Amino acid sequence: MPEVEYACVSDLKIGRMLGSGGFGTVYEASYKGETVALKQLHTNTKNKKAAMQSFRSETRPEVINFCHPNIVRTLFVSQAMTIEDSPFLIMEYIENKTLQHLLDDPEELVDEPRRIRFAYEIVSALEYIHEQNVAHLDLKPVNVLVTKKNVCKLGDFGCCEVVEDMPVSPTRSYLTGTFAYRAPELLRGQSASCKADIYSMAICLWQFWTRDIPYRGKNQHVVIFGVVSKGLRPKLSPDNMPDNKYHELMTSCWSAQPDKRPSSKELLDVLACWNEAM
């Protein structure tokens, strides 16, 4: 597996902006004549410590050399703050379409085979990173890109952490992910484990079925309190209930107790069987 190299700025041409978030902006770019995506860190943000922690997470050795068909590949990193005094990443270019865009589009058919395939591809990426003791910790449809061939690729590892099988005491982090997808133990301030990604996957499974936003319109603090203290989970309409096997899988993945959630390997095995039966 080739290691990620440092980028030569003189070979880089920045094009149109593809998107922007709290810590960085992504551009379409050309590097040595190849179309790529460039993610540039925001250094003028009020939360500079969180931005720098996010960049360090994405460029840690365990992450930048990930090589998997369902993970956005990092190609090059900046050696210094050279473009507008900001560090940057160069990644494989994928059409500017996230899984969230697809779920929001009423013209896109999301039937059972497609739901299962989405889940299988995402969990395949999770199983790969979990094998290397890395937890993503910000899994949501916005962070999954969809290629022209309808392949899901997990991206944005800015909140990831290297974890152990038995979590140790929490370390201070300025990164929180997105509250609606965040596992209750993390909302309590406890240490991360790979099982936190399984909880996030459960919320994604709910979203694949409903095509709605979890806790839409609800106050963030009320939701966090409900998830942590009351076992609150996104609601299902009585007239739009998933079949038993899908419902059981989803609810097992969002168990309040991490050790009662399946591992990514167990989840992948189930989805592989369902995928083959389609």
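I began with Ala180, which touches Ile203, Pro214 and Tyr215 when residues up to four places away in sequence are left out; a contact here means heavy atoms within 4.5 Å.

I note that this is a predicted model, in which local features need pLDDT of at least 70 and side-chain atom pairs count only at pLDDT 80 or more, while totals for chains, interfaces and linings use all residues. Residues are numbered from 1 along each chain as its sequence is written, and side-chain values use heavy atoms, with hydrogens and water left out.

**Ala180, continued**

I placed Ala180 in the loop between β10 (161-162) and α5 (184-187). Helices (H or I, at least four residues) and strands (E, at least two) are DSSP runs, numbered from the N terminus. The cut-offs are under 20% relative accessible area for buried and over 50% for exposed, with partly exposed in between (1.4 Å probe, protein chains only). I also looked up Lys140, 40 residues from Ala180 along the chain, and found their C-alpha atoms separated by 9.2 Å.

**Overall counts**

I counted 9 helices and 10 strands in the protein. Of its 278 residues, 49% are buried. Among contacts with a separation of 6 or more, 65% are between residues 24 or more positions apart.

**Strand β6 and its partners**

I looked next at strand β6 (residues 88-92). In β6, 4 of the 5 residues are buried, so the strand is largely enclosed by the rest of the structure. Two strands pair if DSSP finds at least two bridges between them. Strand β4 (residues 34-41) pairs with β6 in the antiparallel sense over 5 bridges, and Gln40 stands opposite Phe88 of β6. Strand β5 (residues 74-77) also runs antiparallel to β6, joined to it by 3 bridges. Which residue of β6 is the bridge partner of Val77? I found Leu89 there. For reference, side chains in a regular strand alternate between the two faces of the sheet.

**Helix α1**

I checked helix α1 (residues 48-58) for burial and found 8 of its 11 residues buried, so the helix is mostly covered. I listed the buried ones as Ala50, Ala51, Met52, Gln53, Ser54, Phe55, Ser57 and Glu58. The cover over them includes β4, α2 (61-64) and β6.

**Largest pocket**

I looked up the largest pocket, which holds about 950 Å³ of space. The search runs on a 1 Å grid over the protein atoms alone, and a pocket is an open set of points where a 1.4 Å probe fits, with protein on both sides within 12 Å along at least five of seven lines; lining residues have an atom within 4 Å of a point. Grid points are joined across faces, edges and corners, and the volume is the space filled by probe spheres set on the points.

I found 42 lining residues, with Val26, Lys39, Val142, Asn143 and Asp156 nearest the centre. Elements that each supply at least two lining residues include β2 (12-20), β3 (24-31), β4, α1, β6 and α3 (99-104). By class the lining has 18 nonpolar, 17 polar and 7 charged residues. Ala, Val, Leu, Ile, Met, Phe, Trp, Tyr, Cys and Pro count as nonpolar, Asp, Glu, Lys and Arg as charged, and the others, Gly among them, as polar.

**Salt bridges**

I took a salt bridge as a side-chain nitrogen of Lys or Arg within 4 Å of a carboxyl oxygen of Asp or Glu. By this rule I have 12 salt bridges.

Arg16 and Glu28 meet in one of them, at 2.7 Å from N to O. Arg16 lies in strand β2 and Glu28 in strand β3, so the pair ties together parts 12 residues apart in sequence. Arg16 is partly exposed at 47%, and Glu28 is partly exposed at 21%.

Lys97 and Glu108 form another, at 2.9 Å from N to O. Lys97 is in the loop between β6 and α3 and Glu108 in the loop between α3 and α4 (112-131), so this pair ties together parts 11 residues apart in sequence. Lys97 is partly exposed at 27%, whereas Glu108 is buried at 17%.

I also noted Arg117 and Glu121, whose closest N and O atoms are 3.7 Å apart. They are 4 residues apart in helix α4, so about one helical turn separates them. Arg117 is partly exposed at 25%, whereas Glu121 is buried at 10%.
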